[in-house]
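This briefing goes through selected helices, their packing, and some loop residues. Please keep the sequence and the coordinates open while reading.

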Amino acid sequence: MAHKDKQEKAGTPHAGSGIWPAGRYMDMRRRSLQDPEGFWSEQARKLDWYKTWDQVLDWDPPYAKWFVGGRLNACYQCVDRHVRSWRKSKVALYWEGESGEERVLSYSTLFREVNQFASALKSMGIETGDRIALYLPMIPEVIVAMLACARIGAVHTVIFSGFSAYAVADRVQDTGAKLIITADGGYRRGKTIPLKKNIEEVIDQCSSVENIIVVKRTGEQVPMKEGRDHWLSDLMKNADMWVEPEAVEATHPLYILYTSGTTGKPKGIVHSTGGYMVFNHSGYQWVFNIQEQSIYWCTADIGWVTGHSQVVYAPLSHGAAVVIYEGAPDYPEVDRWWDIVEKYGVSILYTSPTAIRTFMRYGEKWPQKHDLSSLELLGSVGEPINPKAWHWYYTHIGGERCPIVDTWWQTETGGIMISPTPGIDPVPLKPGSVCFPLPGIDTAVVDNEGKEVEAGTRGELIIKRPWPGMLMNIYNDPDRYQATYWSQFPGYYDAGDFAMRDEDGYMWVMGRSDEVLKVAGHRLGTAEVEDAVVAHPAVAEAAVSSKAHEEKGESLVLFVILKKSEAPSDTLKEELVKRVREAIGPIATPEDVYFVNSLPKTRSGKIMRRVLKAVASGEEVGDVSTLENEASVDEVKKAYESLTQEAEA
Ligand code: WTA
């Protein structure tokens, strides 16, 4: 079984011995579960509040409200707090552009820019509670814009700059955003991404948008509509240097971030201000053991939850020095990242298994060109890390010195839930295991009936009580919120992941139990991809599945039934791949396309993706007794085989 392979020991000084959990961690854990409200209010006191809460938790399942009656401001926590101390001259952001430009922003510079940006937002008529869409590359302005929104109580929704114009339109429509903040373009592998032009393509479908703020990045000519489009530089010239932070309710939404689900359109995950900030502030210390002198680099793009929590809100709430990089990891050479680590003296590096596997393929000669001795701690997130990649990371990046925190969490959980916690106690590690839940997090592994399974048995991962970073809702869709997370195991949060607890109590997360796909750590829903394919006039029906991919973890495989009048062709294949790229973005590019005559379905008509996945991976198909049409399994298999032969020939 897969997890047996994963359980092989590291043979490193950090290897698991089964003597953990122990010590301080165990004390905190006990206390957090015995008196959660006492525990979390202690954590909350680490932040600055305009008004303290009347009630720690109002739990009306499935809705949790944390720190009810309390008032605070997330931007104040991340910026103002620090400029009132010696940290005003400390570096907040080290930014490096793809072509090598650098910008260094101290906390006082960040403070000034955030205030001016907030003033610009106000001049556009933005008020507390208004939604603002951000479609920006990894440049300091994206962080400034997020904090400026938070400062005035506006709700940001950041859209990954690698997403297509259609993805922007969807999200803008769903949130009813009044304003879009974008750039003339961004850089990726030496090419520019035309962000403003993309928006122009769909702006007619975004009727809620009154204004667009444009950041000048590439200097390319872009269409600017008089009265609607404004250069940020012009707005900043006339902006005030001080905007009073809005003392919002703890339950005021800080942001909406879209993520893929099993069915339908992406879901707008809504996060609170108070609970979210408290949870991230605490967890960041426990997991990363952040020190005043740490130089911290989380490589995630701002468009993902990791970019929100682990690039912006958690580290800045600690006054940390944060490195951000705009471009591709292997541009212009594959040692770009190691060059950055050396140059800025990065001490904490937090990245994804996909990135590690990519670098592993390029070989250790690239990191060996650089002095990586500043590194003290490594992190991993987004997908399971296989022991081989773990060892490579440990040896060739961490120099066998640095513990690896493998952190399990989700867009919905707001912050890290299960991870080693070197900030509490040194942790004996097991490569591939996410170790133990953070204090206050009550996890269990259960069978389909919700009964806890024995150690060593795979089951569904659930969370038995609310935590402060828990999503508040799905924007505009409470029914879906209820159905997605709370219907299978009433009263418990259903994470949608398979997991296992081993005999020593260590947790192993083993991939999604639902139909969410994970390509290079990015979440994709089957429906989003299929909708794009079915929209092609030649297509009658389509199903997307995945197969194992050495670097990306999973890659997309399309199974397509054409209309009777159509014949399969390579041109058609290319068109379908292009459609998906255009509808979602390059990250969703299908790796294989198979034309078939039928799809394996259950009697109730549900596509059996498990079968497709097995077929695409060349595995045994397993039990198909619930299939409507067993012949179609052979059909799909045959199509697969002939295509593979074709590819090999
Ligand atoms: C997966 C990313 C194994 C998991 C922060 C989860 C992981 C989904 C890990 C959430 C990990 C994340 N080990 N699997 N350390 N971290 N996952 O919302 O399937 O983009 O449900 O959040 O990623 O993805 P999301």
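The model is predicted, and the points below are grouped by topic.

- Helix H12 covers residues 336-344, and its buried residues are Arg 336, Trp 337, Trp 338, Ile 340, Val 341 and Tyr 344.
- The loop between strand S17 (321-325) and H12 holds Pro 332.
- The peptide bond that joins Tyr 331 to Pro 332 is cis, with omega near -5°.

- Helix H2 runs over residues 23-34, and at 1.5 Å a residue its 12 residues should span 16 Å. Its end C-alpha atoms lie 17 Å apart, which agrees with that expectation.
- Tyr 25, Met 28, Arg 29 and Ser 32 are the buried residues in H2. Viewed down the helix axis, the buried residues of H2 fall within an arc of 100°, so they line one face of the helix.
- As background, an α-helix has 3.6 residues a turn, so residues three or four places apart point the same way.
- The partners against which the buried residues of H2 pack are helix H3 (36-44) and helix H10 (274-288).
- In H3, Gly 38, Phe 39, Trp 40, Ser 41, Gln 43 and Ala 44 are buried.
- The cover over the buried residues of H3 includes H2 and H10, along with strand S1 (55-60) and strand S2 (63-68).
- Pro 62 sits in the loop between S1 and S2, and the peptide bond from Pro 61 to Pro 62 is cis, with omega near 0°.

**Helix pairs**

- Two packed helices are described by the angle between their axes and the distance between the axes.
- H4 and H6: these helices pack at about 120°, with axes 7 Å apart. The angle makes H4 and H6 oblique to each other, and the crossing is left-handed. On the H4 side the contact is made by Ala 74, Cys 75, Cys 78, Val 79 and Asp 80, and on the H6 side by Leu 147, Ala 150 and Arg 151.
- H4 and H11: the axis of H4 comes within 8 Å of that of helix H11 (residues 305-317), and the two cross at roughly 50°. H4 is therefore oblique to H11, and H4 passes H11 in a left-handed crossing. H4 contributes Ala 74, Gln 77, Cys 78, Arg 81 and His 82 to this contact, while H11 contributes Val 312, Tyr 313, Leu 316 and Ser 317.
- H7 and H8: helix H7 (residues 165-175) packs on helix H8 (residues 195-202) at an angle of about 60°, and their axes are 8 Å apart. H7 and H8 are therefore oblique to each other, and their crossing is right-handed. Ala 165, Tyr 166 and Ala 169 of H7 meet Asn 198, Glu 201 and Val 202 of H8.

**Buried loop residues**

- Arg 87 belongs to the loop between helix H4 (74-83) and strand S4 (91-96). Its relative accessible area is 18%, so Arg 87 is buried.
- Beyond its neighbours within four places in sequence, Arg 87 is in contact with His 82, Tyr 107, Glu 292, His 318 and Gly 319.
- Pro 137 belongs to the loop between strand S6 (131-135) and helix H6 (140-152), and is buried at a relative accessible area of 6%.
- Beyond its neighbours within four places in sequence, Pro 137 is in contact with Val 142, Ser 161, Ala 183, Gly 185, Gly 186 and Leu 195.
- Pro 137 and Tyr 187 are 50 residues apart in sequence, and their C-alpha atoms are 7.7 Å apart in space.

- Arg 189 is not a glycine, yet its phi is positive at about 50°. Arg 189 lies in the loop between strand S9 (186-188) and strand S10 (191-193), and counts as partly exposed at 42% relative accessibility.
- Glu 400, also a residue other than glycine, has a positive phi near 60°. The loop that holds Glu 400 is between helix H15 (387-397) and strand S20 (404-407).

Methods
Residues are numbered from 1 along each chain as its sequence is written. This is a predicted model: local features need pLDDT of at least 70, side-chain atom pairs count only at pLDDT 80 or more; totals for chains, interfaces and linings use all residues. Side-chain values use heavy atoms; hydrogens and water are left out. Helices (H or I, at least four residues) and strands (E, at least two) are DSSP runs, numbered from the N terminus. The expected span of a helix is 1.5 Å times one less than its number of residues. Buried means under 20% relative accessible area, exposed over 50%, partly exposed in between (1.4 Å probe, protein chains only). The arc is that of the directions from the helix axis to the C-beta atoms. Contact means heavy atoms within 4.5 Å. Axes are lines fitted to C-alpha atoms, for helices over the stretch in contact, and angles run from 0 to 180 degrees between N-to-C directions. Angles under 35 degrees count as roughly parallel, over 145 as roughly antiparallel, 65 to 115 as roughly perpendicular and the rest as oblique. A crossing is left-handed if the near helix is turned anticlockwise from the far one by less than a right angle, and right-handed if clockwise.
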